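User: I would like a close look at one part of this model. Please keep the answer plain and define terms as they come up.
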Amino acid sequence: MSDLDLLTQSLARNVKRWRTERAFTLDALAARAGVSRGMLIQIEQARTNPSIGTVVKIGDALGVSITTLLDYERGPRVRIVPADRAVRLWHTEAGSWNRLLAGTEAPGPVEMWDWRLMPGESSDSDPHPVGTVELIHVTAGQLTLTVDGTEHRVPAGASASFEADTPHTYGNQGDEPMEMVMAVSVPPVR
């Protein structure tokens with residue numbers, strides 16, 4: 001079974017599990033997530049490979065991390081994610097990418113990401129639920145972080161935190177690759 005097939009089946013199983021646990025109907029989850037009921041049916045039946053944006057919206061609506069939605073191994077309290085098991089969810093032909101390194105539910109979803117943006121590239125993010133906070137540490141290059149229309153420069157070695165409930169963009173306006181580690185904390189669904 002390919003990695004993509006494994007992820008598609010894990011996503012199907014976990015979306016259905018968390019939707020049932022939250023007592024959400026397909027229509028309720030579709031409304032909360034801003035995705036169609038038909039898309040949710042296809043996801044729960046493992047008949048589609050949705051975009052990262054769709055997975056993020058579903059995770060936010062369920063109050064769980066992407067890691068939880070893609071988790072295919074339930075294990076002990078200590079969970080080690082080997083480098084070859086980090087999930088690459090986005091990439092471009094120019095060489096930009098992100099990887100979901102690890103995540104947990106404590107008390108809401110917490111995720112840790114590894115990002116690389118090539119010169120001139122950027123990645124937009126829709127607003128997350130109110131109370132979501134992102135922490136960023138730039139390890140190479142310079143990040144141009146745009147939050148609610150305002151640009152902020154974050155050079156290598158510097159860190160930033162921000163409330164991520166508004167539109168935001170990670171960009172590289174420099175002439176060398178930008179690399180960063182990012183943590184996202186989402187409040188639990190009430």
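Which element gives the largest share of the lining of the largest pocket, and how many residues does that element supply?

Analyst: Helix 4 gives the largest share of that lining, with six residues. The model is predicted, so local features need pLDDT of at least 70 and side-chain atom pairs pLDDT 80 or more, while totals for chains, interfaces and linings use all residues. Numbering starts from 1 along each chain as its sequence is written, and side-chain values use heavy atoms, leaving out hydrogens and water.

Helices (H or I, at least four residues) and strands (E, at least two) are DSSP runs numbered from the N terminus. A pocket is an open set of points on a 1 Å grid over the protein atoms alone, where a 1.4 Å probe fits, with protein on both sides within 12 Å along at least five of seven lines; lining residues have an atom within 4 Å of a point.

The largest pocket holds about 500 Å³ of space; a volume here is the space filled by probe spheres set on the points, which are joined across faces, edges and corners. Of the 27 residues that line the largest pocket, Ile52, Gly53, Val56, Ser125 and His128 lie nearest its centre. At least two lining residues come from each of helix 4, strand 3 (109-117), strand 4 and strand 10 (178-185).

Helix 4 (52-62) is also one of the elements against which the buried residues of helix 1 pack, together with helix 2 (26-33), helix 3 (37-44) and helix 5 (66-70). Those buried residues (under 20% relative accessible area with a 1.4 Å probe, protein chains only; exposed is over 50%, partly exposed in between) include Leu11, Val15 and Trp18. Helix 1 (residues 3-21) has 19 residues and, at 1.5 Å a residue, should span 27 Å; its end C-alpha atoms are 26 Å apart, which agrees. The expected span is 1.5 Å times one less than the number of residues.

Two of the lining strands are partners: strand 3 and strand 10 pair in the antiparallel sense over eight bridges, where pairing requires that DSSP finds at least two bridges. Trp115 stands opposite Met180 in strand 10. Strand 5 (residues 133-140) also runs antiparallel to strand 10, joined by seven bridges, and Ala140 has Glu179 of strand 10 as its bridge partner.

In a regular strand the side chains alternate between the two faces of the sheet. Strand 10 has Met178, Met180, Met182 and Val184 on its covered face, and Glu179, Val181, Ala183 and Ser185 on the uncovered one.

The segment after strand 10 contains Pro187, which is partly exposed at a relative accessible area of 22%. Setting aside neighbours within four places in sequence, Pro187 is in contact (heavy atoms within 4.5 Å) with Gly108, Pro109, Val130, Gly131 and Thr132. Pro187 also comes within 7.1 Å of Gly63, C-alpha to C-alpha, though 124 residues separate the two in sequence.

The loop between strand 6 and strand 7 holds Asp148, a residue other than glycine whose phi is positive, near 50°. Asp148 counts as exposed at 53% relative accessibility.
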